[in-house]
Amino acid sequence: MLSSVQPQSVDPLHAYEGCVKEGKLLNDEAQRLVNARLQTLYETLSARPKRSLIHKILPLRASSPAPRSIYIWGAVGRGKSLLMDMFYAAVPVTAKRRIHFHAFMQEVHGKIHAWRRTIEEKGLKQELLPTVAHEISTNNGKLICLDELQVTDVADAMILSKLFTFLLDDKVTFVITSNRPPEELYLGGLQREKFMEFVDLVYGRMEVLELASPHDYRMQQIRAMQTVYLWPLTLKSNTAMQDIFAYLTHHTPLMPATLNVQGRKLIVEESYGGIARFTFADLCEKPLGSADYLAIASRFHTVFIKNIPKLTPERRNEAKRFVLLMDTLYDHRVKLVCTADAPPDQLYVAGDGTFEFARTVSRLAEMQSEAYLAASHIP
């Protein structure tokens, strides 16, 4: 879906300066260096000449190349998504899109499946990936911002080089963020030598920038709360949780995310990049299982859960799901921020499964520790 939001009146450079003046951001030299390159891309896109009426009717003999794409990498919490969002909001391009990488690839595989069936049924003589790439560039515009590129799926790894080659040839400009430099993507993956063609493509056709800030802004804000387990359920705890959520998502409107779980879809109603917000009811009062929790833990590095209640023996099924959920989030080092009706050791004190719940109490305590909060997410 193309963006219909009107661009903001200030460019990335002045937007950043304004945030520093207002105390919303630190004066971070590493961020400034990356933002300067985004400013250059902004100016290039803003200055691109519009085609005249005659050129809309007659093809140009020689068309100008697309502006060079940018790949920004750096550790979690350094401000990569923030800078990309400032750029995206400012650039005066109406046909543009900002999307999480996993959601983008889900759409790609959906289009591949649909076009393969169409080509076979109609006996069309056209190649599959170029057709898919052309549909993406036509429907998404010539600027696509991809957040949090990470490659864990062999199906993604095998097509990335050809897919992005066709998209770049179709004059799509990308701004990409990732926690890893290109050569560290898909480490240990099957047929990685094939994936290395994508790495070569990134270095050959994109500007690769490291955002080497020494500050982990996301973790600083979480630590500033003093605790990530907020109880009891009061206006104060709900406000504290909302404040940190708004900070981590840069006060940006939330979007639903669709996760593919064993051939079915799991809709996450509130998400921003690698951050998702749920209620206890969303996760534990619905018939979800280990595959659902695994999809959530793999996709999101930070999960907010509102309104965890005290559980009674009659709610043993909810307690069992909560145990499984916490085990899965813990195993993947997902950061948890939650509000609850009681401290962990008083959430479920009687009923089937209380012995297993003791492990959850221990998990919840460790998930508040400095060491856990500093650990890297395991997709």
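Predicted model: local features only at pLDDT ≥ 70, side-chain atom pairs only at ≥ 80, totals over all residues.
Okay, let's start with the ring rule: rings of Phe, Tyr and Trp (for Trp, its six-membered ring) pair if their centres lie within 6.5 Å, and planes under 30 degrees apart count as stacked, over 60 as edge-to-face, the rest as tilted. By that rule we get nine aromatic pairs. Residues are numbered from 1 along each chain as its sequence is written, and side-chain values use heavy atoms, with hydrogens and water left out.

Back to the rings. Phe-164 and Phe-174 have ring centres 4.8 Å apart and planes at 35°, so this pair is tilted. Helices (H or I, at least four residues) and strands (E, at least two) are DSSP runs, numbered from the N terminus. Phe-164 sits in helix 7 (residues 154-169) and Phe-174 in strand 4 (residues 173-178), so the pair ties together parts ten residues apart in sequence.

Buried or exposed, then, for Phe-164? Buried means under 20% relative accessible area, exposed over 50%, partly exposed in between, with a 1.4 Å probe and protein chains only. Phe-164 is at 0% relative accessibility and counts as buried, and Phe-174, at 0%, counts as buried too. Ring pairs also link these two with Tyr-186, Phe-195 and Phe-198 into a cluster.

Next, the cores. A nonpolar core is a set of buried Ala, Val, Leu, Ile, Met, Phe, Trp, Tyr and Cys residues joined through side-chain atoms within 4.5 Å. The largest one has 40 residues, and Ile-305, Phe-322, Leu-325, Leu-329 and Leu-347 touch the most other members. Helix 13 (residues 316-331) gives the most to this core, with seven residues. Apart from it lies another core, of 34 residues, among them Leu-129 and Met-206.

Contact here means heavy atoms within 4.5 Å. Leaving out residues up to four places away in sequence, Leu-329 touches Ala-297, Val-303, Val-334, Leu-336, Met-367 and Tyr-372.

Last up, the sheet. Two strands pair if DSSP finds at least two bridges between them. Six strands form an open sheet in the order 6-11-10-9-8-7, with mixed pairing. Strand 6 (229-230) and strand 7 (255-261) stand at the edges with a single partner strand each, so one side of each has no neighbour in the sheet. Strand 9 (residues 275-279) and strand 10 (residues 302-308) run parallel, joined by five bridges. Thr-279 has Lys-306 in strand 10 as its bridge partner.
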